[in-house]
Amino acid sequence: MSGLATGVPGLDTVLGGGLEPGATVIISGSPGTGKTILAQQICFANATEARRAIYYTTLSEPHSKLERHLEPFAFFSADALGPKVEYIHLGDLIRKDGGRLDATLSEVVRKALADGPALVVIDSTRALRDFANERDLRVALYDLTSRLAHSLTALLLVGEYTSEEMASDVEFSLADGIIHLAYEPREPIDRRWLRVVKMRGRRHLEGKHSFRIGEEGVGIFPRIETHDPGSAAAVGWRISSGVPGLDPLMGGGIGAGEATVVLGPSGVGKTIFSLGFVAEGLARGERCLYATFQDTADQLLTMAQTFGWNLAEARDDGQLVVHHVPIGELDLDILAASIRDELAEGTIRRVVIDSLAEMVFAAREGERFPAYARSLIGLIRNSAASVVITSETMTLGPTPEPVGGVTFLFHNVILLRYIELNSATGRALSIVKMRNSGHNKHVHQIEIGEHGIAIGETLTDVSGVLGWSTLRAPNTTF
């Protein structure tokens, strides 16, 4: 039987196909993580007049207050209350039954079997411990979960549990699925994440998955490393870099579908290089995506205009997508989801991500970033797009490995740097690496003029770019 769609963006993907009818799933987490909002959103997405959702509350909070808290969300409908979503205060039933939890939960089962709802929710299940000892609770919950398992009703148990309680409490041993929500304070912006600890009969996505709560409710952003990007699209031609004079040094240009990193210190021309790469693609009728974390879309388009590239018109026509994410709001999983959505149509041919440093800063998980970067690049290449990613290096002195330590993931490595020319500061470019392709090995002066970056003369007296140099006699070759 097919799963019950949750109606929560991204959650069915993480769960491996929604909720199984008859399954018992626990939604756990500390206060304020979004458990109740998530459960309510699933209810309103699935409830119909024929198959309602029954929401049992165990807290003393009036249902009118609960409704007020839900009113700002788009999924909430006051007209659905009663005909589609029924609220019942479980505490009233327990008092009516003289404090006997087994009798109360038997009434829950009776009503579920009689009405045939799509969902039954108990919020909060942990509060039931106030009405029964461990043995009676175990018997009552076993009866509840086992009897509903033979129905088409999914049971959601919502509660605040510690890690120790999740490892030992009876609820978790009886559950078919466990969804854990967490709130992670950090600077400059806090993070919410979801982890599927257990999901019987489903191949769920492992790991932490970021989620946000907005006007539409909860939105899940599946962790990109858990997705199989597939094989890179087969492409065998070269595309122009957009930098006059660079393509001949690269054996005819950048390999289509390849990943290129442009390294260099602040202000050396990495963003201008990237804008030229995009402008070249637009001139050839290609659709492009530019993800930026510092410059806004308007700032980028203004910068491009100074070099004669009218990117504003391309953006207005939909040929260029500029995705600006302020550094304070940057989340790796949300960024990956946005890029995946843009690539879904299969029309994007060039992608720029500016820059790698901000992504590493946003990760806060150094051990995770190489796998994340590999998956992101794989996602882009699988769509037959070529990607240029910029990365910051030191302004002065030898160039170290860029932040993130992921240079090995790129087919092409282009280094921009400052140099001193007769007591004046200039700029230079060198092609450090081209995988499976011949390329020019020299350092070349570059100029930033009215048409962007242009390749100048070969610099024969420059050394030390890799942090060391060797002295050799004039006219010596190697």
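Me: A salt bridge is a side-chain nitrogen of Lys or Arg within 4 Å of a carboxyl oxygen of Asp or Glu. In this predicted model, with which residue does Glu 225 form a salt bridge?

Reply: Glu 225 supplies the carboxyl side of the pair, and the closest N and O atoms are 2.5 Å apart, within the 4 Å limit. Glu 225 lies in the loop between β9 (217-221) and β10 (238-239), and its partner lies in the loop between α13 (356-363) and α14 (369-382), so the pair ties together parts that are 143 residues apart in sequence. The partner of Glu 225 is Arg 368.

Me: Is Arg 368 buried or exposed?

Reply: Buried means under 20% relative accessible area. Glu 225, at 21%, counts as partly exposed. Arg 368 has a relative accessibility of 6%, so it counts as buried.

Me: How many residues apart are Asp 333 and Arg 191 in the chain?

Reply: Asp 333 and Arg 191 form a salt bridge, with closest N and O atoms 3.4 Å apart. Asp 333 belongs to helix α12 (residues 332-343) and Arg 191 to strand β7 (residues 191-199). Both Asp 333 and Arg 191 are buried. The pair links distant parts of the chain, with a separation of 142 residues.

Me: Which residues are linked with Arg 191 and Glu 225 in a network of salt bridges?

Reply: Arg 191 pairs with Asp 333, and Glu 225 pairs with Arg 368. Both pairs belong to one network of salt bridges. Besides Arg 191 and Glu 225, this network holds Arg 223, Asp 331, Asp 333 and Arg 368.

Me: How far apart in sequence are the parts that Glu 392 and Lys 270 tie together?

Reply: The side chains of Glu 392 and Lys 270 meet in a salt bridge with an N to O distance of 3.3 Å. Glu 392 sits in strand β16 (residues 386-392) and Lys 270 in helix α9 (residues 270-283), so the parts they tie together are apart in sequence by 122 residues.

Me: What share of the contacts with a separation of 6 or more lies between residues 24 or more positions apart?

Reply: The protein chain has 14 helices and 20 strands, and the structure holds 22 salt bridges. Among contacts in the chain with a separation of 6 or more, residues 24 or more positions apart account for 70%.

Me: What is the radius of gyration of the protein chain?

Reply: The C-alpha trace spans about 100 × 45 × 40 Å along its principal axes. For 478 residues the globule rule gives 23 Å, and the chain is well over that value, so it is more spread out than a compact globule. The radius of gyration is 29 Å.

Methods
Residues are numbered from 1 along each chain as its sequence is written. This is a predicted model: local features need pLDDT of at least 70, side-chain atom pairs count only at pLDDT 80 or more; totals for chains, interfaces and linings use all residues. Side-chain values use heavy atoms; hydrogens and water are left out. Helices (H or I, at least four residues) and strands (E, at least two) are DSSP runs, numbered from the N terminus. The radius of gyration is taken over C-alpha atoms; the globule rule is 2.2 Å times the number of residues to the power 0.38. Contact means heavy atoms within 4.5 Å. Buried means under 20% relative accessible area, exposed over 50%, partly exposed in between (1.4 Å probe, protein chains only).
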